[in-house]
Amino acid sequence: LIWTTKECLINKEYGKLITYENAGNSAHNAVPTNEHYLPLIYVTGLQSEDDNISFIYEGFQNSSISMRSFILNKS
């Protein structure tokens, strides 16, 4: 089953984000080392039930590095 980080964030499916290694080769290619990925997990832990997520940037740097950024807003 293929899923995206954005889908997991929108649907609050944090278990998939935490166990991303189970997503196979695609996950390993997307996150070869986790030092830039782990802050995503910490921030999602701050999200309250009534918080919405807004993506403020979803581009790529140098055509290969995803720079997706988001903020958490109160409903």
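Helices (H or I, at least four residues) and strands (E, at least two) are DSSP runs, numbered from the N terminus. I wrote that down before anything else, as I look things up by element.

**Ground rules.** I am working with a predicted model, where local features need pLDDT of at least 70 and side-chain atom pairs count only at pLDDT 80 or more, while totals for chains, interfaces and linings use all residues. Residues are numbered from 1 along each chain as its sequence is written, and side-chain values use heavy atoms, with hydrogens and water left out.

**Overall layout.** I found 4 helices and 4 strands in the protein. Read from the N terminus, the order is α-α-α-α-β-β-β-β. The radius of gyration (taken over C-alpha atoms) is 13 Å, close to the 11 Å that the globule rule (2.2 Å times the number of residues to the power 0.38) gives for 75 residues, so the protein is as compact as a globular protein of that length. I also noted the box that the C-alpha atoms fill, roughly 35 × 25 × 20 Å along the principal axes.

I get an accessible surface of about 5500 Å² (Shrake-Rupley method, 1.4 Å probe; for residues, only the protein chains shown count as cover). Carbon and sulfur atoms hold 54% of that surface. Of the 75 residues, 20% are buried. For that, buried means under 20% relative accessible area, exposed over 50%, and partly exposed in between (1.4 Å probe, protein chains only). On charge, I have 5 positive side chains (Lys and Arg) and 8 negative ones (Asp and Glu), with His and the chain ends not counted. The centres of the two sets lie 4 Å apart, each charge being placed at NZ of Lys, CZ of Arg, CG of Asp or CD of Glu.

**The core.** Which residues make up the largest nonpolar core? I list 11 residues: Trp3, Cys8, Leu9, Leu17, Tyr20, Ala27, Val31, Tyr37, Leu40, Ile53 and Phe70. A nonpolar core here is a set of buried Ala, Val, Leu, Ile, Met, Phe, Trp, Tyr and Cys residues joined through side-chain atoms within 4.5 Å. In soluble globular proteins, nonpolar side chains tend to be buried together. I then checked contacts (heavy atoms within 4.5 Å) for Trp3, leaving aside neighbours within four places in sequence, and got Cys8, Lys16, Leu17, Tyr20 and Ala23.

I placed Thr44 in helix α4, residues 38-44. Thr44 counts as buried because its relative accessibility is 9%. Beyond its neighbours within four places in sequence, Thr44 is in contact with Leu9 and Tyr14. Gln47 sits in the loop between α4 and β1 (51-57), and at 14% relative accessibility it counts as buried. With the neighbours within four places in sequence set aside, I see Gln47 in contact with Lys12, Tyr14, Asn52 and Leu72.

Lys12 is in the loop between α1 (5-11) and α2 (14-18). I noted a positive phi of about 55° there, although Lys12 is not a glycine. Its relative accessibility of 33% makes Lys12 partly exposed. Ser63, in the loop between β2 (60-61) and β3 (65-66), has a positive phi of about 60° and is not a glycine. Is Ser63 buried or exposed? At 72% relative accessibility, I count Ser63 as exposed.

**Lys74.** I found Lys74 in strand β4, residues 69-74. Lys74 counts as exposed, at 54% relative accessibility. Its C-alpha atom is separated by 6.1 Å from that of Asn52, 22 residues apart along the chain.
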